[in-house]
Amino acid sequence: MTWSATARGAHQPDNTAFTQQRLPAWQPLLSASIALPLFFCAGLAFIGLGLGLYYSSNGIKELEYDYTGDPGTGNCSVCAAAGQGRAPPPRCSCAWYFSLPELFQGPVYLYYELTNFYQNNRRYGVSRDDAQLSGLQSSLRHPVNECYPYQYSAAGLPIAPCGAIANSLFNDSFSLWHQRLPGGPYVEVPLDRTGIAWWTDYHVKFRNPPLVNGSLALAFQGTAPPPNWHRPVYELSPDPNNTGFINQDFVVWMRTAALPTFRKLYARIRQGNYSAGLPRGTYRVNITYNYPVRSFGGHKLIIFSSISWMGGKNPFLGIAYLVVGSLCILMGFVMLVVYIRYQDQNDEDEDDE
Amino acid sequence: MVKEDETFPCDLIFLSSSRVDGTCHVTTASLDGESSHKTHYAVQDTKGFRTEEDIDSLHATIECEQPQPDLYRFVGRINVYSDLNDPVVRPLGSENLLLRGATLKNTEKIFGVAIYTGMETKMALNYQSKSQKRSAVEKSMNVFLIVYLCILISKALINTVMKYVWQSKPFQDEPWYNQKTEAERQRNLLLRAFTDFLAFMVLFNYIIPVSMYVTVEMQKFLGSYFITWDEEMFDEATGEGPLVNTSDLNEELGQVEYVFTDKTGTLTENNMEFKECCVEGHVYVPHAICNGEAAIDMIDASPGAGGREREELFFRAICLCHTIQVKDDDEVDGPRKSPDSGKRCAYISSSPDEVALVEGIQRLGFRYLRLKDNYMELQNRDSDIERFELLEILSFDSVRRRMSVIVRSATGEIYLFCKGADSSIFPRVIEGKVDQIRSRVERNAVEGLRTLCVAYKRLIQEEYEGIYKLLQAAKVALQDRERKLAEAYEQIEKDLILLGATAVEDRLQEKAADTVEALQKAGVKVWVLTGDKVETAAAACYACKLFRRNTQLLEVTTKRLEEQSLHDVLFELSKTILHCSASLTRDNFSGLSADMQDYGLIIDGAALSLIMKPREDGSSSNYRQLFLDICRNCSAVLCCRMAPLQKAQIVKLIKFSKEHPITLAIGDGANDVSMILEAHVGIGIIGKEGRQAARNSDYAIPKFKHLKKMLLVHGHFYYIRISELVQYFFYKNVCFIFPQFLYQFFCGFSQQTLYDTAYLTLYNISFTSLPILLYSLMEQHVTMDTLKRDPALYRDIAKNALLRWRVFIYWTFLGVFDALVFFFGAYFMFENTTVTSNGQIVTTNTHMVFGNWTFGTLVFTVMVFTVTLKLALDTHYWTWINHFVIWGSLLFYVVFSLLWGGVIWPFLSYQRMYYVFIQMLSSGPAWLAIVLLVAVSLLPDVLKKVLCRQLWPSATERVQRSSSRRAPADAAPSPDRPLLTDPAPRPRRE
């Protein structure tokens, strides 16, 4: 048990600064005289930052519309009523009209938002096969068990892409029409549906299985689409670079959201006449209403938003910085008062000792 | 058969040796650490069997007791059968027993017969006997753990219940996008709920800091090296440094409230020096030896002829009445040396008093030469050799407190010489100048000298034979041998004639007084428990400043109890004490006021046993309670005439008193072992009375003065370190798991983890483990010198101050607050807004939405930074190692995350972390959020620290402040302290 005796060897302890616990050290002390300027500086810096953030966030415009179709909320309620209790819901389309009195400063991003949708539910979140999505042949034929009950179709074919996330892919679609002058024709605004996913997801993480005879359809032969899908995965888009597993809508959807209310990017408006933003005029959004949300008490929203250096509209950060900065200054003053009042007393105490 | 330098494989009865006299020498260094050679004796009747053939022909039976762990006690009996005579019965004692683990030395070979083997050997039995000691910190740690366990269970319960409340709406239980499997639907509700509960438990189990136990063990193990490495606790005289036998109690050293110290060898040097002797009232003081010619200073007039005879008898008595062995270094059993060779032989004895006496007497002209074939040889003043046949030794024990020898002189006269403590000799004396000697003894005792009285008795042959039979009967007894021997001794040692008394000085250890004073200033109560008599012990206490001049002494001694009943004495004392206790407690709070009236209590063994003895009417605790009250109000307590077991009793009494104070026992001898084992912390002095105490202790130090550094510096540091370690661990796990708990409310109570598996695993293992470990090894909130200079700082941490509920709750709430900040900070960042990265670094100008893993990673990043910076805020002692570890582990986190997310790891079935961290860092708001949230989390702690320091500074904080003010002045000389630059061992100053 006396390991220490043997450890020391010659019984003479090593005399180094470390063993004697006398290493040279910086011994800072968090006293009021240090903390006070710190608090004031931090407070001022935070308030400055907060102001900047607040104003840049305020400069961001947002335009949103709830098209869930609750009774009496616009023409989408027809679709909502039509789809009530029917699976799959019938194809239906509705529209949202809005007008802009002035230029909506670009670049403008089009988002959709779902509420009360638990993409972060564990059972939902694990129901995917990353290996299959990376284009692995064996996984294409044999999806992982986590995908169950969306692993094999009723006919016994492997589902591609498998799992609950893929099955519930958001399938409403939007098109934006612009009426420059009242009574004039509606011109379609080009929506850029590419570049909405993470670059790494699109280029690395999601890969299509190797083509068979140059055809993606053949590559997916022997698989079944998810039960809720109307078309197979290789027909998600006519663009060969945007179909299959690397369809950008699909990739965006597969990045599960953190909270039950979430937004996902639908498109960017940056082409043609609209690269500077949406000019004033009347707009119409044609909505293909497919996605049922009322069954779980959710809502669907469509949002136009401009973007600043700090991303989308985010008043929280600016306000938080302002609050914290003010608190710092306030506490700084409190401490200053305490410091002045108790300074003398402490000095006296020390003199006593 | 065992050969020289071999270790005995089992416990052996020593039958014969290659040496003619049937002895062998062994060293028990591996057993009890005593490296001196001990002589063991072969059984008388078998020592002739020296060859293997002889041994073959030996026919004998051995009876021995059941195996028991006491190394120094053995009773047995051997019956040797020979063809011719009746069987011979011989007693066997520990001198015939060779223990497993000991090594044979200086003897070619021995023969023995195995009696105890394997797990029954005394060595094996001793390994089991040590009981586990747990420190107060560990106990409160376990309590905190239970609290956290409750938190864990209640969290899991809340979430389970909430889950089923939430799921009561069918569209939330099973929305169309998230269908259950058929098996899940059909599962029993209770079973499902139970599974969910278990899943939540698994999810939240990280709140129980399992890694804390590992870290605490590592901290204790590594930290204890600092004690053994401490150069200031290294004693160059003996070449011994401190030993750490258990590393479990390091922090307990910072919590000691009562110190029980032995006097002899602990407070005092145990370096005996013969001072004077008194024969028949004539006092002899030996001076420095002048080449064999003793210079004797006689204070009184020269004694007459009769006195002269008595005087010589006295000297002979001292020369004969002992158990000293003479050790010649080179030839233990060689041809006898010329007694006049001038070479002083080294005397070896278990009792340093005896050595001092025999050496002192040598200066008075009588020299003990050696024991050969049962004849003791001594050289008298006229350089004649006198030979006495040693008939019996009635060995010393601590109950009788005396020993005797029976010798036959050359002229055939038989003497019994008896030597012992005055209290045990005087009642047995029937003749001699008792009063004169008694007064002299008492005077010496007051001066702090150890006194022994010497008496003799002349025996006639018949008497001796009676004695012989008596002793033999007792020795052969198998059962109750101890008691029978004691009874026999009692009968033999009576009707003595008093010869004189001796006085031996036992000097105080260096700096003993300084140490005791520092301990008292530190709020530690020092009790002295000694076997010595009242006067000697009190003198030593005055010398070491345990009692000061203004200390009012209260006595509960046998002498006083003869006059009053115990009841009266106790009540009177408690009245005296309680009368002043009001003012006393006030003084205690305000620190040390000079005019404080302090009390010292003196109690002796007999009185104590009266107090401890349960009374007939059953109210046993009555006196005890009263006694405890008195003791608690005394600044110093001295217990004299203590038997070893009584020492342990006292320790136990205090240990289990109302406040459950932490006790420390320090001693050097075998008689202190029981109290060392009993106390919370046992410290052994590696001293002269063997290594028994050091072996049984938790820590062993070379000198008493080292106790000061041990408690005030090491103990204080260890306590500060480990309490921060414990609190910090709980804190960081709350921070870790509470966001996870909150997240359940936003993910449908589906046990979704917030963090990636790698983060979950590595958080406690690598991201946040090293800084706290290094902190708990290196932290010095004030410097060592300050701690030593100002013992009162020890009061700041008394009574487990840093692990009180208030502190614990503060830390937990800090953890909860931080967790709320992390979670809701990130929540508001993500909620209803599009937190995006404009990813210009890696992508084209796109704006991508973050997912749940980015959310978790953001929380986690803020958390790792906050938790590490919180520790940085608490660190007062930044060596390069601290810098390296704290900044290093933050850097490691970043590098790891970059790597973890930067590669598609082929062994993972999911790639959910791919590029998550990098994408997060490419987003401006994420950076801003991290900075903000870290600042907000740290803010309350900074505020609390600053305000507390300003408003209610503790003594420690004041010292920190004043030393930091002085620091600029000291800065110049401090970097090159001599201790740092001078690697060579420097001479001690004292």
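Let me start in chain A, where Gln21 of chain A sits in the loop between helix H1 (3-7) and helix H2 (32-58), helices and strands here being DSSP runs numbered from the N terminus (H or I of at least four residues for helices, E of at least two for strands). A:Gln21 has a phi near 55°, which is a positive value in a residue other than glycine.

Before I go on, please keep in mind that this is a predicted model, in which local features need pLDDT of at least 70 and side-chain atom pairs count only at pLDDT 80 or more, while totals for chains, interfaces and linings use all residues. Residues are numbered from 1 along each chain as its sequence is written, chains are lettered from A and ligands numbered from 1 in the order in which they are written, and side-chain values use heavy atoms, with hydrogens and water left out.

Now to the interface, where 116 residues of chain B are in contact with 100 residues of chain A, contact meaning heavy atoms within 4.5 Å. The area buried between the two chains is about 9,800 Å², with carbon and sulfur atoms giving 61% of it; this is the accessible area (1.4 Å probe) that two parts lose on being put together, summed over both.

How many salt bridges does the rule find across the interface of chain B and chain A? There are two, on the rule that a side-chain nitrogen of Lys or Arg lies within 4 Å of a carboxyl oxygen of Asp or Glu. B:Asp785 forms a salt bridge with A:Arg22, and their closest N and O atoms are 3.5 Å apart. On the side of chain B that touches chain A, helix H33 (residues 924-951) of chain B supplies the largest share, 16 residues.

Finally, A:Phe296 and B:Tyr177 form an edge-to-face aromatic pair, 5.1 Å centre to centre and with 85° between the planes; rings of Phe, Tyr and Trp (its six-membered ring) pair if their centres lie within 6.5 Å, with planes under 30 degrees apart counted as stacked, over 60 as edge-to-face and the rest as tilted. Because A:Phe296 lies in the loop between strand S9 (281-288) and strand S10 (300-306) of chain A, and B:Tyr177 in the loop between helix H5 (170-173) and helix H6 (182-186) of chain B, the pair joins two chains.
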